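Here are a few notes to read with the structure open beside you. Take them in order and look up each part as you go.

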Amino acid sequence: MRRAIYPGSFDPITNGHLDLIERAARLFDEVIVAVLINPAKTPLFTVEERVEMIREVIRSPQVRVDTFDGLLVEYARRVGAQVIIRGIRAISDYEYEFQMALMNRRLDPTIETIFMMPAEPYTYLSSRLVKEVCALGGDVAGVVPPGVERRMREKLFGKA
Ligand code: PNS
């Protein structure tokens, strides 16, 4: 059983994340999308809302959603995952991802990090940019699922 975790903040999930989840689902028997519980950050959406939004848009039966806190490698061990998936967009992602992958390997050499690239139209996408554009009245249709767009508007402007 090849099990991978796809960890992140997912505040909120974008079509880039979704693209990666679908690619990973074709490679692994089970993919767990793992939403980080991070009390140090002030997210736009609660962990529960983020989990709900992900559940609404995942299609593959071998994908499930979970939350975690503490060390990622400990969570991976706990759920029996051999692989951590991270999406890599531009060169700018590389340094941080490289550091994290090697630190995680140091913490647990049996867990492998695999980098995957999203489809080309999503290579510039980030949750942070999407939130900023939406907050300033820009159009985010096509870069986040419709349900996420609606919830973002509700959150930011009090209406869909
Ligand atoms: O979507 P993000 O915010 O880039 O995801 C970052 C995440 C959740 C993968 C990272 O912050 C993480 O793994 N946090 C858990 C704590 C941990 O294990 N830290 C050490 C990483 S080397």
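**Notes on the sheet, its helices and the ligand**

1. Start with the sheet: it is open, has 5 strands in the order β3-β2-β1-β4-β5, and its pairing is parallel. Strands β3 (63–68) and β5 (112–116) sit at the edges with a single partner strand each, so one side of each has no neighbour in the sheet. From one strand to the next, the twist averages 30°. Bear in mind that this is a predicted model.

2. Strand β2 (residues 30–36) runs parallel to β3, and 6 bridges join them.

3. On to the helices. Helix α3 (residues 72–79) lies across β1 (3–8), β2, β3 and β4 (83–87), and it runs at about 145° to β1. Helix α4 (residues 91–107) also packs on the sheet, where it touches β4 and β5. The direction of α4 makes about 170° with that of β4.

4. Which residues come nearest to the ligand? Out of 13 around it, they are Gly8, Ser9, Gly70, Leu72 and Arg86.

5. Serine 9 has a polar side-chain atom 2.6 Å from an oxygen atom of the ligand. For arginine 86, a polar side-chain atom lies 2.9 Å from a ligand oxygen atom. With leucine 72 it is a polar backbone atom, 2.8 Å from an oxygen atom of the ligand. As for cover, the ligand taken alone exposes 550 Å², and the protein buries 75% of that.

Technical notes. Residues numbered from 1 in each chain as written. Predicted model: local features only at pLDDT ≥ 70, side-chain atom pairs only at ≥ 80, totals over all residues. Heavy atoms only, no water. Pairing = 2+ DSSP bridges. Helix = DSSP H or I, 4+ residues; strand = E, 2+ residues; numbered from the N terminus. Axes fitted to C-alpha atoms, helices over the stretch in contact; angles between N-to-C directions. Contact = heavy atoms within 4.5 Å. Near = heavy atom within 4 Å. Polar contact = N/O pair within 3.5 Å; in protein donor to acceptor, adjacent residues only side chain to side chain. Areas by Shrake-Rupley, 256 points an atom, 1.4 Å probe, with all protein chains shown as cover.
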